[in-house]
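Me: I have a structure to go through and would like to ask some questions about it. Here it is.

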Amino acid sequence: MKIELPKWYDLHVHLRQGGAMESFIKAQISMGCAGVLAMPNTSPPVTKVFESDTGDGWSVESYADMIRKAGGSAFLDFIVPLYLCGKTTPEMIENGANKKVLRACKYYPPHGTTGAQSAAPLETYINNGVFAAMEKTGVVLCIHGEEHGLSGENYFGRDGNAEETFYKKRMPEIVKKFPKLKIVCEHITTKIAADFVQKSGPNVAATITPQHLLFTTGDMVQGFKYHLYCLPLLKFDRDREALRAAATAANNTKFFAGTDSAPHVKKATDCGCAAGCFTGGYAPQLYAQGFEAAGLNLSDGKAQEIFKRFLCTNGPAFYSLPAPKETFTLEKQEQSVTPLQTPDGAVTPLPLGVGHSTIPWSVQKF
Ligand code: DOR
Ligand code: ZN
């Protein structure tokens, strides 16, 4: 069985910086990516729009240039969001949007994940005019929806977790105060988040990663498969069911692909584990596997249309990205999975990290 699809956009990926960036971009292109949204939690983070802006950090301009030089000029288009921090001002947003350099901003919960130490609490941008400027100019808010500063049972417990708290308490406030703000609820992992997106207006959408469609906490803790450790953490069956239902609904316009592919050359350390699953080179295949696990028969034309909406259509429509004319082919044919060699060391793709040296789907390579 073969499915020909338009090239797709990975609307949440970590391309990092330095020598390995070229390898990560190649991995994206090899799996039919027309473009990406490249996360700004780099080192240093992308906290300025223009190089001439005052302050530390890279600029959207300079990081975009770096991506282009590392092979990203082959993309039809790509977005670099601005990393929101205490130094972000409404003027930066307006100026960047007016000059068409700024299309999105990223909220990280302070200290909540890899590279989130430069972030400021959500209230900062609610109160200092940053979200208002984004709403006014149509700049998309990419949101890592987890309540920051929680610990123990409040962070991850039987009766709730950081993401559920965020979607119950913070998101209703944001959409009430900024009803026209375009928001992407990134890498959602819970039924509560999926329901929130479902019942919000068309300006609120969400990305879902392959790992959250395929796995649950149980898969990670049994045999401690640390390659499944990413943030937000995998959740439970009822959550995965809700994500699968959202992604595979026939009328889905709000849920789309954003892999959160996050390469770490050193994943496990002596005292912990870096958060992030690397799916570069294998994401459409894993999404197809997730759709099949959700009960879709991908040899059926209607199911293929639903898959296409999720992988190829909804995301670029939300971000107003150009529609790719080129196509790529997914095939139900076993493919072997190998580590990605980079100048910084080898990165283990997720399937290998959970002990699978082959996957059921393959893509025609670019
Ligand atoms: O698992 C994750 N890894 N979640 C994030 O939010 C960041 C990412 C990374 O940069 O490694
Ligand atoms: Zn991410």
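Me: Which residues coordinate the zinc ion (ligand 2)?
Reply: Please note that this is a predicted model. In it, the zinc ion (ligand 2) is coordinated by His12 and His14, each through NE2, and by Asp260 through OD, at 2.0 to 2.1 Å.

Me: What spacing do the donors follow along the chain?
Reply: The donors of this zinc ion follow the spacing H-x1-H-x245-D.

Me: Is histidine 12 buried or exposed? And histidine 14, buried or exposed?
Reply: Histidine 12 has a relative accessibility of 1%, and it therefore counts as buried, since the cut-off for buried is under 20%. Histidine 14 is buried as well, with a relative accessible area of 6%.

Me: Which residue with a positive phi follows helix 1?
Reply: Glycine 32 follows helix 1, and its phi is positive, near 80 degrees.

Me: Now helix 3. Which of its residues are buried?
Reply: In helix 3 (residues 90-98), the buried residues are Pro90, Met92, Ile93, Gly96 and Ala97. Viewed down the helix axis, they fall within an arc of 160 degrees, so they line one face of helix 3.

Me: What does the buried side of helix 3 pack against, and which exposed residues are on the face turned away?
Reply: The buried residues of helix 3 pack against strand 4 (46-48), strand 7 (82-83), strand 8 (104-107) and helix 5 (130-137). The face turned away from the buried side carries the exposed residues Glu91 and Asn98.

Me: Last topic: how do the axes of helix 8 and helix 11 cross?
Reply: The axes of helix 8 (residues 191-199) and helix 11 (residues 237-248) come within 8 Å and cross at roughly 30 degrees. That makes helix 8 roughly parallel to helix 11.

Me: Which residues meet there?
Reply: Lys191, Ala194 and Gln198 of helix 8 meet Arg238, Asp239, Ala242, Leu243 and Ala246 of helix 11. The residues of this contact divide into 4 nonpolar, 1 polar and 3 charged.

Methods
Residues are numbered from 1 along each chain as its sequence is written. Chains are lettered from A and ligands numbered from 1 in the order in which they are written. This is a predicted model: local features need pLDDT of at least 70, side-chain atom pairs count only at pLDDT 80 or more; totals for chains, interfaces and linings use all residues. Side-chain values use heavy atoms; hydrogens and water are left out. Donors are N, O and S atoms within 2.8 Å of the metal (3.2 Å for Na, K and Ca); water is not among the atoms, so sites may look incomplete. Buried means under 20% relative accessible area, exposed over 50%, partly exposed in between (1.4 Å probe, protein chains only). Axes are lines fitted to C-alpha atoms, for helices over the stretch in contact, and angles run from 0 to 180 degrees between N-to-C directions. Helices (H or I, at least four residues) and strands (E, at least two) are DSSP runs, numbered from the N terminus. Angles under 35 degrees count as roughly parallel, over 145 as roughly antiparallel, 65 to 115 as roughly perpendicular and the rest as oblique. Contact means heavy atoms within 4.5 Å. Ala, Val, Leu, Ile, Met, Phe, Trp, Tyr, Cys and Pro count as nonpolar, Asp, Glu, Lys and Arg as charged, and the others, Gly among them, as polar. The arc is that of the directions from the helix axis to the C-beta atoms.
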